[in-house]
Amino acid sequence: MTDTARTARAGVPERPSLDGLEDRWAQRWQEEGTYAFDRSKATVPGRGAAADAPSRNGRRKDVYSIDTPPPTVSGELHMGHVFSYTHTDTVARYQRMRGKAVFYPIGWDDNGLPTERRVQNVYGVRCDPALAYDPVWRPPATPVDDAARRDPTPISRRNFIELCERLTVADEQVFEALWRRLGLSVDWSLTYTTIGRMARATSQRAFVRNLRRGEAYQAEAPTLWDVGFATAVAQAELEDRERPGAYHRLRFVGPGGREVLIDTTRPELLPACVALVCHPDDERYADLVGATVRSPLFDVEVPVRAHPLADPAKGTGVAMVCTFGDLADVTWWRDLDLDTRVVVGRDGRLVSEPPAGVPAGPYAALAGQTVNGARREIVGMLADAGDLVGEPRPVTHPVKFYERGDRPLEIVSTRQWYLRNGGRDADLRATLLARGAELHWVPAHMKHRYDNWVGGLTGDWLVSRQRFFGVPVPVWYRLDDTGEPDWARPLTPDESALPVDPSSDPAPGFDESQRGRPGGFIGDPDVLDTWATSSLTPQIVGGWETDPDLFARVFPMDLRPQGQEIIRTWLFDSVVRSHFEHGVLPWRDTVLSGWILDPDHKKMAKSKGNVVTPLALLEQHGSDAVRYWAASGKPGMDLAFDPAQIKVGRRLATKLLNASKFALGLGAADALRAVYDNSSSARLTPRRDLELSATAPLDRAMLAELGTVVSAASTAFDGYDHTAALQATEAFFWRFCDDYIELVKERAYGTGAAAESARAALASALSVQLRLFAPVLPYVTEEIWSWWRYGSVHRAPWPTTYEVARTIEGTGEPALLRLAGDALGQVRRAKSERKLSMKAEVPLAEALGPAALLEQLTLVADDLRAAGRIGKLDLLPDRTPELVIACAF
């Protein structure tokens, strides 16, 4: 950045306007590197006596690093994004003005299922890994219609991935343009993508190390499966949705022909039944425990077992255990060591052959059917056989879905990769709960969500996915002489070779000709869960293992801002990965966002169709106005979308523009230039022989009150309460405009010590207020700053109470400003009631009130007479209990 660029001063324009500020200043900030992270200003632990080494619970004092959420680019940004990212940006701007080297990167979360689905919908394609790569294939030039989406064109995996990359690049450009317009002060040179080379290498390195330490493992186990996406789903990605169903009462036959009735919503899983289960204390079935019963239709012998999770009050009190209908089935199957009879395949249809021990005859009518089709078929068969008791009873009940899916999940047996997370290890669970207690939560009550999630885990983190556009699982398997994989001893790459793609890169020690051949190898076809990469964002942006110098300066980070709904995924998973790899929390503080509500106070969500996109609002009202609305919501608190509040922000920015021009016209800029050396130095230093000095009582009072505002705003920002900081600053600003400027302007136009005092106070107050507003209103404050100050307001030091107090000669009493404002307000009302101009003369005014109050009023009497155009002001003590200004016209 050149000295010329940093010290250029624009001068006050004839007609200040908010229009066009975004384009002009966004470009200037980029050109001048206003928000660039300067690593030379961040110490490295252990280097030099002044180095401030980070501890497990602390941070260096000269750097502030933010683990910014990478938004998913397979869609549109909405007002919820604007809301939360504005909050984080106010933190970054505040810390930068506090003198910190702010490490504020941003990334794009572009891998995983959302991107794949978007590509499928936009181009009408589907990935078929069996197809060979076609280098000349080109996608449709324009988005396809619904018919093409229903009958998608199959393309190779490589062609499909190229399409994903192409679309995400275009989406990311749109997102970046909007973020720049909003005024995010991120360092755009630190941008990354979760599918980029750096992210892939980091994700694979962490996984390989997890595997070598035994924290990652592979297992054949019941898996939550999304049929539509054809992939496994983790516990953290589930959501319950209310769906209609029906209870069917089935007749099993027990010892001596005893009738045993069970209720089920999934009769199609009857051939997968491996047991009946009841509660240990349920006397109705105590004599059956340990015995066997025979299933209807299939006449398969299944045991009756007891388990404490069985609910005596639900249905008949005895439940059918099938492999697998729901998570309770998995628990019972595992705890009771039951047989396995899987009938639902990965395609959501019943498998073609019956499980062992299940007769083929009755099963044949179900083979190949969808789940719903099989349900209808078997209900008819049960009714015909007399084993369906009564009519099905309609019910609405919660059904588990993948959060991004549109079909109920099934549970199938698959081989998957898992990462230990305390779900099956009490000691690890306790350690991770302790990590949560180390973290500073804003607001504090959000910690309960973390504790509840960790305490309620039922299994380890499933990290493999059967998809295509993601970070490949970096392992291969040897094939024995018969071509069978050696699952127990996976082959891993050297870290220097990362990133790798086992689908196209040969295993270490092999060449490509040996792929798929006996004695050769195969690559793992799966990719890692997108959270397995996103959970490493501090390591990705911090240069873990690739830039040790940077990593030492920024890690552990200071702040993780994020949504409350992903505490269970992004936050918890990041804690797990950092704990395993570094033995520390990845950051010191976390700030959680609330929800954005629509006018009916319902949460805005894409699925509800009630979201509002921000671009039109930014264009209509300006970015500062939209940021003002966002900053009016506290961390963790819900905020209703209110266009009226955005208009309030616009009026505030306009008032700031006009009031600043007026104050500068009164001589504030001249007062400042008289004190500061007008050299071309980027850092202005006050001349030794001059200082801003406010000597008049009203000026001292105004600055004294401003000092309390600086203290309040600083304390609020330190506590991540940008809303309280804005409220304190805004309340003072309106009093400054409506009362102080009106009271002091006549004096400021004059000459002598009193006029110099007014101009000094105006200069100090305007400089301080611009900096107080800067984190929330970056564009208008930068514009005004450029009229009369050098450099950027966003690189100027944050105001201090010492700075304000230094301008006051002696002491100041804030109550004096309020007293003068009250008196002037009464004069204005008197004129207004008589429908007179505010410039109308008041020949005589009488001030009545307690003697002590009127004695204070004498200190500002000259300013009051000038502002109110009062010819004569008489003071009449002790006539009224409160101040009364009586005007005679």
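I call a residue buried when its relative accessible area is under 20%, exposed when over 50%, and partly exposed in between (1.4 Å probe, protein chains only). My model is predicted, so local features need pLDDT of at least 70 and side-chain atom pairs count only at pLDDT 80 or more, while totals for chains, interfaces and linings use all residues. I number residues from 1 along each chain as its sequence is written, and side-chain values use heavy atoms, with hydrogens and water left out.

**Cysteines.** I looked up C127 and found that it counts as buried, at 11% relative accessibility. C737 is buried too, with a relative accessible area of 6%. Next I checked for disulfides (pairs of cysteine sulfur atoms within 2.5 Å) and the count came to 0. For C127, the nearest cysteine sulfur belongs to C164, 8.2 Å away.

**Helix α4.** Helices here are DSSP runs of H or I, at least four residues, and strands are runs of E, at least two, numbered from the N terminus. In α4 (residues 113-123) I found L113, P114, T115, E116, V119, V122 and Y123 buried. What do they pack against? I get contacts (heavy atoms within 4.5 Å) with β4 (125-127), α6 (157-182), β8 (231-232) and β15 (393-402). After α4 comes G124, with a positive phi near 65°.

**Helices α11 and α12.** I then turned to α11 (residues 426-438) and α12 (residues 447-455). From α11, R429, L432, L433, R435, G436 and A437 meet K447, Y450, D451, V454 and G455 of α12.

Key: Axes are lines fitted to C-alpha atoms, for helices over the stretch in contact, and angles run from 0 to 180 degrees between N-to-C directions.
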